[in-house]
Amino acid sequence: MLGRREVGALEILRAHLERIDAVEPRIRAFTEVLREQAQAEAQASDARRARGEALGPLDGVPVTVKECFDVAGRATTLGIPSWAGRIAERDAAMVTALRRAGAVLLGRTNLSQTMLYVEARNPVFGQTANPWSLAHSPGGSSGGEGAAVAAGMSPLGVGTDIGGSIRTPAHFCGVAGLKPSLDRLPMRGYRTVLAGQEAVRGMGGPLARTVGDLTLLFRALDPHALSALDPRVPPLAWEEPDRVRVDGLRVGFYGDDGVLAPSRAVSRAVDRAVEVLRARGCTVKPFEPPDVRGVLSAYLGALSADGGAGIVAALAGGEVDPVLEPLRRMASVPGAARRVAARAARAFGQPNLALMLDAMGDKSVSELWALTDRLRTQRSALVDAMERSGVDVLVCPPFATPALPHGASKNFTLASSYSILFNAAQLPAGVVPVTRVRPGEVARTAGRDALGRQAAKIDAASSGLPVGVQVVGRAWRDHEVLAVMQAIESDVSRDEGYPATPVEP
């Protein structure tokens with residue numbers, strides 16, 4: 001519309017600000033709306049257009065970013081009260097890249113405190129609601145972005161993902177999201193309580209209402225300029241998804257990763273996506289990911305290797321979200337006590353609790369190096385398994401259940417196993433909406449395991465909520481992931497009413 005001169009940047013901005021005024025009081029997706037600054041940027045875009053100047057590829061388009069990205073002159077807090085005085089001296093590299101592309105920075109969005117659980121709630125900015133159900137979470141930790149995009153308050157947002165933090169909100173909120181290949185986008189000026197933890201690194205990526213808009217972001221950003229902003233970004237040319245022959249791709253799929261069985265609606269979504277790809281001419285075959293529980297153990301061990309010292313220091317003296325308390329306590333329990341507790345958990349039929357107790361806690365340097373080596377070996381094992389099976393792309397659940405009721409992420413970390421696997425493996429992975437939970441899909445056989453019983457309660461309250469599928473590709477073949485997501489969106493998502501704007505003023 002901007003390119004055809006049907007509207008101006010200021011008109012588009014005002015429309016989004018009106019939408020924010022109408023629904024934000026109930027959703028609370030934003031940590032701050034940058035009204036005056038955004039108006040000045042939109043006016044500057046319109047002036048460039050009026051003068052016939054060269055325009056950036058996103059010139060005049062409003063965008064939002066997760067609060068963990070620095071914006072000059074503003075605090076980056078991660079929802080931690082003691083970080084309220086941490087004022088950024090300069091924009092994060094991602095923000096700089098967006099501004100250089102002409103984007104109008106509309107605001108920053110909410111996240112989970114410390115970014116370590118799948119909700120968007122913290123003592124500084126409060127709780128974000130899911131636009132499909134105000135009683136449910138939009139996911140996390142990039143839940144503010146998922147909610148803002150789903151509710152029509154932002155057309156394009158940038159979140160981060162170290163354990164599903166882009167993909168889970170996309171799944172919960174019925175939007176599209178991509179965690180790209182590691183180092184595809186710049187991460188200078190991104191803040192985390194796990195600073196220096198390099199065994200598993202977070203990655204930035206977009207959320208939008210359509211797969212085409214995800215592609216737009218990558219098309220708009222010059223890889224050479226990104227590399228200059230952050231030397232970790234290789235100056236590799238972007239490959240267009242439209243040039244991928246989807247019917248030539250080999251697709252592996254699975255429903256259950258052996259940790260927590262997916263909800264009925266999630267399983268149906270995977271089956272439906274597979275049907276579509278088979279009809280498109282893809283070679284489709286079952287796939288079994290190797291050693292998922294071992295990957296989870298190494299992942300949790302690496303992220304907690306400081307014994308929770310980073311989290312404890314950050315949270316000291318301030319209010320702590322209740323979801324964090326079990327994680328904080330578990331990471332700081334002495335090793336001998338954790339091992340005893342893990343044996344007891346196994347004896348009482350709680351294998352998932354035992355896995356977490358065994359994995360978490362303080363590590364020596366040599367133990368951390370060994371964990372890092374395990375993670376790299378496990379990554380190679382997954383890539384080798386894909387090669388042996390002859391598959392280019394995987395289709396699987398993004399999370400074990402649909403959106404969680406507020407507070408239900410407590411003690412539910414392992415439900416993210418479907419996403420965590422591909423953070424550990426450093427592979428590109430995206431989520432596209434496929435369907436919604438039907439009334440007959442809310443029952444689950446719980447069993448003895450506490451995780452299963454908790455999932456049963458979550459499923460029981462899930463009728464009508466969005467459901468997505470996850471698409472995973474080989475490293476640096478993000479364009480293939482997006483091409484498959486586009487095919488699913490074209491053949492399934494639109495028939496199911498996506499893209500949708502669920503909340504009404």
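**Figure 1. Arg184, Leu185, Phe218, Leu221, Pro223, Leu226, Val233, Pro234, Leu236, Trp238 and Trp476 line the largest cavity.** The model is predicted. About 90 Å³ of space lies inside this largest cavity. Sorted by class, its lining holds ten nonpolar residues and one charged residue, with no polar ones. Two of the lining residues, Phe218 and Trp238, return in the next view. In total, the structure holds five cavities of 30 Å³ or more. As background, rolling a probe the size of a water molecule over the atoms shows where empty space is left.

**Figure 2. Phe218 and Trp238 form a stacked aromatic pair.** The structure holds five aromatic pairs. In the pair shown here, the ring centres of Phe218 and Trp238 are 4.8 Å apart, with 10 degrees between the planes.

**Figure 3. Helix 6 and what covers it.** The buried residues of helix 6 are Val211, Leu214, Thr215, Leu217, Phe218 and Ala220. Several elements cover these buried residues. Helices among them are helix 3 (93-100) and helix 17 (478-491). Strands among them are strand 6 (156-161), strand 7 (176-179), strand 8 (203-208) and strand 12 (429-436). For reading the helix, recall that an α-helix has 3.6 residues a turn, so residues three or four places apart point the same way.

**Figure 4. Thr96 in helix 3.** Thr96 has a relative accessible area of 18%. That value is under 20%, so Thr96 counts as buried. Which residues does Thr96 contact, leaving aside its neighbours within four places in sequence? The partners are Asp91 and Leu229.

**Figure 5. The second largest cavity.** About 80 Å³ of space lies in this cavity. Its lining is made up of 14 residues. Closest to the centre are Met115, Leu116, Ile162, Tyr190 and Thr192. The lining divides into six nonpolar, six polar and two charged residues.

**Figure 6. The largest pocket.** Its volume is about 730 Å³. The lining of the largest pocket counts 44 residues. Leu300, Leu327, Met356, Thr413 and Leu414 lie nearest the centre. Which elements give two or more residues to this lining? They are helix 9 (292-303), helix 11 (324-332), helix 13 (351-359) and helix 16 (450-460). Helix 11 gives the most, with six residues. By class, the lining of the largest pocket has 24 nonpolar, 14 polar and six charged residues.

**Figure 7. An aromatic cluster and a charge over a ring.** Phe172, Phe399 and Phe412 form one aromatic cluster. In a separate panel, Arg86 lies over the face of Trp83. The distance from the ring centre is 3.9 Å.

**Figure 8. Ala309 and Ser332.** Ala309 lies in helix 10 (residues 309-315). Ala309 is partly exposed, at a relative accessible area of 42%. Ser332 is 23 residues away from Ala309 in sequence. In space, the two are 7.9 Å apart, C-alpha to C-alpha.

**Figure 9. Two cis peptide bonds.** The bond from Gly140 to Ser141 is cis, with omega near 10 degrees. Ser141 has its place in the loop between strand 5 (126-127) and helix 4 (143-150). The bond from Tyr498 to Pro499 is also cis, with omega near -5 degrees. Pro499 lies in the segment after helix 17. For comparison, most residues other than glycine have a negative phi, and most peptide bonds are trans.

**Figure 10. Arg5 and Arg28, each with a positive phi.** Phi of Arg5 is near 60 degrees. Arg5 is found in the segment before helix 1 (9-27). Arg5 is at 54% relative accessibility, which means that it counts as exposed. Arg28 has a phi of about 60 degrees, although it is not a glycine. Arg28 is in the loop between helix 1 and strand 1 (30-33). At 41% relative accessibility, Arg28 counts as partly exposed.

How values were computed: Residues numbered from 1 in each chain as written. Predicted model: local features only at pLDDT ≥ 70, side-chain atom pairs only at ≥ 80, totals over all residues. Heavy atoms only, no water. Phe/Tyr/Trp six-rings, centres within 6.5 Å; stacked < 30°, edge-to-face > 60°. Lys NZ or Arg CZ within 6 Å of the ring centre and 35° of its normal. 1 Å grid on protein atoms, 1.4 Å probe; cavity = no way out; pocket = protein on both sides within 12 Å on 5 of 7 lines; lining within 4 Å. Points joined across faces, edges and corners; volume = space filled by probe spheres on them. Helix = DSSP H or I, 4+ residues; strand = E, 2+ residues; numbered from the N terminus. Nonpolar A, V, L, I, M, F, W, Y, C, P; charged D, E, K, R; others polar. Buried < 20%, exposed > 50% of the residue type's maximum accessible area, 1.4 Å probe, protein only. Contact = heavy atoms within 4.5 Å.
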